[in-house]
There are 2 protein chains.
Amino acid sequence: MVALNLENLPNKRRQTPEQVSELTTNRLSVYLRCLNELDAAGVQTISSQALAEQFQLNAAQIRKDLAYFGEFGVRGVGYYVKDLRRHLRQILGLDRRLRVAIMGAGNLGLALADYPGFRQEGFEIAALFDTANEKIGHESRGGVPIHDINDLKRIARRERLDIAVIAVPAPHAQPVVDQVVAGGIKAILNFSPGALKVPPDVKLKSVDLTVSLESLSFYLAQGDASSGAA
Amino acid sequence: MVALNLENLPNKRRQTPEQVSELTTNRLSVYLRCLNELDAAGVQTISSQALAEQFQLNAAQIRKDLAYFGEFGVRGVGYYVKDLRRHLRQILGLDRRLRVAIMGAGNLGLALADYPGFRQEGFEIAALFDTANEKIGHESRGGVPIHDINDLKRIARRERLDIAVIAVPAPHAQPVVDQVVAGGIKAILNFSPGALKVPPDVKLKSVDLTVSLESLSFYLAQGDASSGAA
DNA sequence: TTTTGTGAACTAGTTCACAGCT
DNA sequence: AGCTGTGAACTAGTTCACAAAA
């Protein structure tokens with residue numbers, strides 16, 4: 001039943017490479033988005049060169065990133081768009097619908113729960129969690145139910161939750177993460193500022209809005225300084 | 001007016017180093033947060049070693065990052081917390097209040113406008129912009145006024161806006177960015193998926209939620225595969 | 001011919017280890 | 001003694017350039 005893939009497995013073992021850098025996996029996601037666009041535009045095949053030019057990427061890097069997972073291209077032709085798109089979706093685990101929980105039904109949590117970008121690529125926002133009694137039992141405008149955070153363990157199992165998004169105030173972040181981990185969820189996207197501890201088998205990815213803004217502030221401060229000197 | 005800083009300028013030119021990596025500036029922001037905590041806890045001085053241990057960082061890297069901007073430490077002692085904190089705030093341009101505009105008064109825009117984390121470190125959310133007539137003239141729950149996006153140029157000048165946050169649906173992102181650039185704003189934090197074009201004197205920083213989630217999905221897909229084999 | 005897949009060369013970023021200051 | 005600041009060594013990531021395949 002794996003016969004069809006065998007020609008893509010040369011001498012080295014493929015499929016789950018020893019260790020792919022996070023930079024690479026992020027780019028895979030970008031490539032997928034490009035292919036979605038190309039597919040929607042009816043493009044049949046594309047070379048790494050053309051892909052790079054159209055989306056401001058590097059051709060060699062595209063080829064190298066893909067090469068970690070197999071030989072998806074055809075020499076002299078390029079990549080079949082639909083084909084590569086399917087492969088990327090499979091590599092990224094998007095061939096099944098992933099179920100997401102949002103921790104914290106405040107402004108940010110509710111906004112993320114109804115964010116259309118998530119649903120688009122196959123993520124299902126299945127539940128919101130909060131501690132405030134007046135919120136529990138209600139749902140977001142988009143219809144995501146708000147549960148008591150203490151029911152997380154039960155609901156995580158029942159709803160088969162795969163990913164948790166942390167959108168609670170900073171002081172609650174670590175205890176909430178601990179509950180998420182105890183609930184058996186293995187992947188966390190964190191929006192709260194500051195470092196969080198998770199066991200080694202849990203993947204934590206943080207988006208730190210303060211760091212992002214302060215990095216922009218740095219740029220402005222440096223830029224102003226040099227224009228002041230000029 | 002720079003006299004106070006002169007003892008920190010050895011033989012090499014300092015203050016605006018040729019090119020500091022974004023990784024370094026992001027870490028400066030992290031260090032600042034650590035120092036805020038230490039200061040609040042009443043800690044007077046800290047060595048790079050102790051800082052690294054307490055916050056899971058690397059001591060040599062802390063010293064190197066700081067060394068781009070001056071000699072802030074005291075050999076045999078470490079760094080004076082209040083002192084280094086003040087220096088970092090100055091380096092990051094946080095010694096003046098930066099004024100932020102949020103483009104898009106949808107779920108995400110409104111949530112970001114009232115996000116307390118921003119105000120905390122000295123950012124002032126001064127305005128929201130949208131195209132919907134029923135929103136224009138109103139304000140967010142936290143009291144940020146919603147303007148017509150076509151008034152951006154005028155209001156950007158009047159309100160001295162420094163940074164724009166892009167929280168509009170993906171198809172509108174590039175045109176909105178063009179308006180932001182035309183309004184003279186030089187720093188942009190983008191939440192919409194996909195690449196955006198800005199002129200070289202404008203700093204663009206993107207937070208791509210889809211890429212973040214798909215990267216977690218990849219981890220789950222790979223993890224499941226190996227546990228299935230075991 | 002065209003374009004992939006990939007070793008080799010290069011560039012960027014991190015960590016080590018120690019001279020030198022306090 | 002203790003700790004910074006920094007060259008040197010190392011590691012990771014990117015780009016080049018070309019042999020091999022279609």
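## The surface near DNA strand D

Helix H1 (22–40) and helix H3 (59–67) of chain A, together with helix H3 (59–67) of chain B, each supply at least two residues of the surface near DNA strand D, where helices (H or I, at least four residues) and strands (E, at least two) are DSSP runs numbered from the N terminus. H3(A) gives the most to this surface, with four residues. This is a predicted model, in which local features need pLDDT of at least 70 and side-chain atom pairs count only at pLDDT 80 or more, while totals for chains, interfaces and linings use all residues. Residues are numbered from 1 along each chain as its sequence is written, chains are lettered from A and ligands numbered from 1 in the order in which they are written, and side-chain values use heavy atoms, with hydrogens and water left out.

Of the 25 residues around DNA strand D, those that come nearest are Arg27(A), Ser48(B), Arg63(B), Gly76(B) and Tyr79(B); a residue is near a molecule or strand if one of its heavy atoms lies within 4 Å of it. By class, the surface near DNA strand D has eight nonpolar, eight polar and nine charged residues, with Ala, Val, Leu, Ile, Met, Phe, Trp, Tyr, Cys and Pro counted as nonpolar, Asp, Glu, Lys and Arg as charged, and the others, Gly among them, as polar.

## Atoms that meet the DNA

Of the atoms of DNA strand D within 4 Å of the protein, 63% belong to sugar or phosphate and the rest to bases. For Arg75(B), a side-chain N or O atom is 3.0 Å from a sugar or linking oxygen of DNA strand D, whereas Gly76(B) uses a backbone N or O atom, which lies 2.9 Å from a sugar or linking oxygen of DNA strand D.

## The interface of chains A and B

Between the protein chains, 63 residues of chain B are in contact with 63 residues of chain A, contact meaning heavy atoms within 4.5 Å. Together the two chains bury about 5,400 Å², 66% of it on carbon and sulfur atoms; buried area is the accessible area (1.4 Å probe) that two parts lose on being put together, summed over both.

The count between chain B and chain A is 20 residue pairs in polar contact, both residues being at pLDDT 80 or more; a polar contact is a pair of N or O atoms within 3.5 Å, and within protein one must be able to donate a hydrogen and the other to accept it, while residues adjacent in sequence count only if both atoms are side-chain atoms. On the side of chain B that touches chain A, H9(B) gives the most, with 16 residues, and by class that side has 33 nonpolar, 15 polar and 15 charged residues.

## Salt bridges

Across the interface of chain B and chain A the rule finds two salt bridges, a salt bridge being a side-chain nitrogen of Lys or Arg within 4 Å of a carboxyl oxygen of Asp or Glu. The side chains of Asp208(A) and Arg33(B) meet in a salt bridge, at 2.3 Å from N to O. Over all chains, the structure holds 30 salt bridges.

Within chain B, Glu22(B) forms a salt bridge with Lys205(B), the closest N and O atoms being 2.7 Å apart. Glu22(B) lies in helix H1 of chain B and Lys205(B) in strand E8 of chain B, so the pair ties together parts that are 183 residues apart in sequence. Glu22(B) counts as partly exposed at 30% relative accessibility, whereas Lys205(B) is buried, with a relative accessible area of 11%; buried means under 20% relative accessible area, exposed over 50%, and partly exposed in between (1.4 Å probe, protein chains only). Glu121(B) forms a salt bridge with Arg89(B), with the closest N and O atoms 2.6 Å apart, and both Glu121(B) and Arg89(B) are buried.

## Positive phi values

Phi of Gln56(A) is near 60°, a positive value in a residue other than glycine. Gln56(A) is placed in the loop between helix H2 (48–55) and H3 of chain A and is exposed, with a relative accessible area of 58%. Arg160(A), likewise not a glycine, has a positive phi of about 50°; Arg160(A) lies in the loop between helix H7 (152–158) and strand E6 (163–166) of chain A and is exposed, with a relative accessible area of 64%.
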